[in-house]
Amino acid sequence: MFISIFGALESGLIYALMALGVYLSFRVLDFPDLTVDGSFVTGAAMAAVMIINGQSPVVATIAAVITGFIAGCFTGLLHTKGKINPLLSGILMMIALYSINLRIMGQSNIPLLGETTIFSSVTSFWESLNLSAPFNAVIGALGVPGTPQTWAILFIALIVTLIIKCITDYFLKTEVGLALRATGDNQKMIRSFSANTDILIIMGLGISNAFVALSGALIAQHGGFADVGMGIGMIIIGLASVIIGEALFGTKTIARTTLAVIGGAVIYRIVVSLALRVDFLETGDMKLITAIIVIAALVTPKILESQRERRRRLRKKAELAEVASLEEGGKRNAAT
Amino acid sequence: MLQLSQVFLTFNEGTMDEKKALQHVNLDLKHGDFLTIIGSNGAGKSTMMNIVSGSLLPDAGDVVIDESPVTHLQEYKRAQLIGRVFQDPMAGTAPSMTIEENLAMAWSRNKKRKLIPGVTKKRKDLFREHLESLHLGLEDRLSAKVGLLSGGERQALSLLMATFTEPKILLLDEHTAALDPSRAELITNLTAEIVDKFNLTTMMVTHNMQQALDLGNRLIMMDKGQIILDVDESEKKDLTIDKLLNEFQRIRGEQMANDKAILG
């Protein structure tokens with residue numbers, strides 16, 4: 001149980017980068033960008049191919065980020081210069097990327113077993129200092145059964161995610177970032193203040209997909225393989241993370257919202273890993289579980305809201321009835 | 001400061017719905033001129049504003065702002081020179097962003113946007129100072145989301161955002177039409193105050209004839225895509241609504257009963 005939650009935390013933090021990308025396109029730019037399903041794999045493929053060809057994992061990951069950025073820019077170009085509807089531009093790019101990803105990989109699956117990845121190199125450094133021991137001691141003292149293999153992955157994932165979060169927070173408050181947010185909020189207005197909304201949309205989608213590709217590159221190195229099908233449904237997972245996070249942690253400020261999105265991604269992973277522990281469910285049911293989680297996250301707040309509203313109305317009605325009956329009683333007393 | 005010369009624009013040319021939106025439009029505004037534009041619906045007032053702002057491109061003719069031709073300059077580039085307030089109070093601000101963020105975006109209008117924080121302590125002081133001139137107490141609500149403001153407050157903010165960087169041209173497109181009478185009066189007074197303060201070259205479209213007479217130093221009337229009446233400062237002083245309507249009848253020789261209802 002603990003081990004599976006620990007694993008969910010690790011991968012949740014890496015998937016949080018993808019969720020931040022989805023937050024940028026869906027929420028900040030108000031652009032439902034489906035490129036994500038493709039660019040996630042592009043990131044993974046790029047990193048995997050470069051690693052098996054002997055490149056350093058850091059260089060491979062950076063290359064993955066750049067490719068993701070370019071993919072996002074193309075979606076932006078299709079929409080702004082080609083005047084294609086946002087959903088369709090994303091779907092077109094997603095389909096195109098499927099073939100491009102196959103070309104990059106040259107085969108449909110690249111195993112990374114035994115290769116040096118970011119995680120394997122950090123882990124060996126971490127373990128050489130024996131840094132996991134104190135954490136395991138704490139866990140042991142708390143009486144939790146089982147100890148994870150290493151804490152290195154959790155820490156590197158946490159650090160990378162927090163760095164990206166802070167960069168995002170800062171960026172969205174800069175002059176360019178403000179214009180980007182306004183593009184998603186009121187395009188006519190920001191254009192009248194001399195902002196080139198086309199460039200902003202292209203750049204925004206580029207950054208969004210760069211985050212997604214970074215997440216893909218790290219997931220490939222974490223899982224030990226890149227597969228051409230690993231991006232299917234990724235956009236829904238990203239959306240689920242954003243929606244769950246926003247609903248649970250609020251959206252008062254930008255910093256709060258990005259934190260909520262990361263939290264949402266982690267919680268989503270934990271829910272899925274717990275669901276998979278149910279004997280009846282299989283790994284193949286994961287997409288169905290995802291769909292159900294998203295539906296629940298979308299529908300529940302509305303139901304709660306309407307119930308609250310109904311209760312409020314009933315209470316008001318009861319109060320008024322009480323006042324009326326009191327007045328009635330008063331009149332009768334006066335008459336007698 | 002602003003010249004339009006021989007501007008033509010036709011919508012849906014060669015079809016059943018062909019509409020000659022602007023014909024032979026010539027206009028010359030000097031620095032500091034405040035022009036009010038009246039005319040019935042479909043007369044071409046807003047089209048002319050959109051030609052100036054670059055939202056629409058003319059079929060023929062030239063637009064010159066501050067001695068540089070801008071006819072084919074893209075809308076967002078031209079926006080460095082032009083401040084705009086729209087009819088819809090929701091159109092001029094970003095609702096999910098705060099007052100200070102909206103002002104910061106307006107502040108960057110005529111500068112290159114950089115990767116430096118948009119809202120700084122120094123700028124906040126500046127924004128507060130400008131907001132005080134609106135007398136709406138917005139200076140104490142810098143970090144409130146603009147979506148929470150009332151229509152009148154949003155329009156006042158839009159007006160401030162459009163003007164405090166002192167654009168070459170200010171375009172006001174029926175910017176008080178969607179407000180209740182008292183709010184409309186407030187915005188009208190603010191407009192006069194701000195235009196005077198920054199000595200802005202202004203074009204204002206209005207359906208309110210009294211407003212068109214009260215504000216500005218020059219008035220034009222448009223009909224069917226043409227400027228049919230041009231009144232300068234000295235004549236405008238003793239102009240009344242009745243005189244304007246008579247003038248229109250004389251020029252067009254048409255009954256204006258309907259228009260009177262619209263314009264009155």
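**Close-up 1. The span of residues 193-219 in chain A of this predicted model.** Helices here are DSSP runs (H or I, at least four residues) and strands are E runs of at least two, numbered from the N terminus. UniProt, in an unreviewed entry, lists residues 193-219 among the "transmembrane region" features of chain A; such annotations may be inferred rather than shown by experiment. Residues count from 1 along each chain as its sequence is written, and chains are lettered from A in the order written. As this is a predicted model, local features need pLDDT of at least 70.

**Close-up 2. A:S194, a residue with positive phi.** Look for A:S194 in the loop between α9 (187-192) and α10 (197-223) of chain A. Its phi is about 65°, although A:S194 is not a glycine. A:S194 is buried (20 or more other C-beta atoms within 10 Å, placed from the backbone), with 25 of them.

**Close-up 3. B:E166, with positive phi in chain B.** B:E166 lies in the loop between α5 (151-163) and β7 (169-173) of chain B, and its phi is near 50°. B:E166 is exposed (12 or fewer other C-beta atoms within 10 Å), with 12 of them.

**Close-up 4. Helices α2 (residues 36-52) and α3 (residues 57-80) of chain A packing together.** Their axes, lines fitted to C-alpha atoms over the stretch in contact, are 8 Å apart at an angle of about 150°. The two helices are therefore roughly antiparallel (over 145 degrees). Contact residues (C-beta atoms within 7 Å) include A:G38 and A:M46 of α2(A) and A:A60 and A:G68 of α3(A).

Technical notes. This is a predicted model: local features need pLDDT of at least 70, side-chain atom pairs count only at pLDDT 80 or more; totals for chains, interfaces and linings use all residues. Axes are lines fitted to C-alpha atoms, for helices over the stretch in contact, and angles run from 0 to 180 degrees between N-to-C directions. Angles under 35 degrees count as roughly parallel, over 145 as roughly antiparallel, 65 to 115 as roughly perpendicular and the rest as oblique. Two residues are in contact if their C-beta atoms, placed from the backbone, lie within 7 Å.
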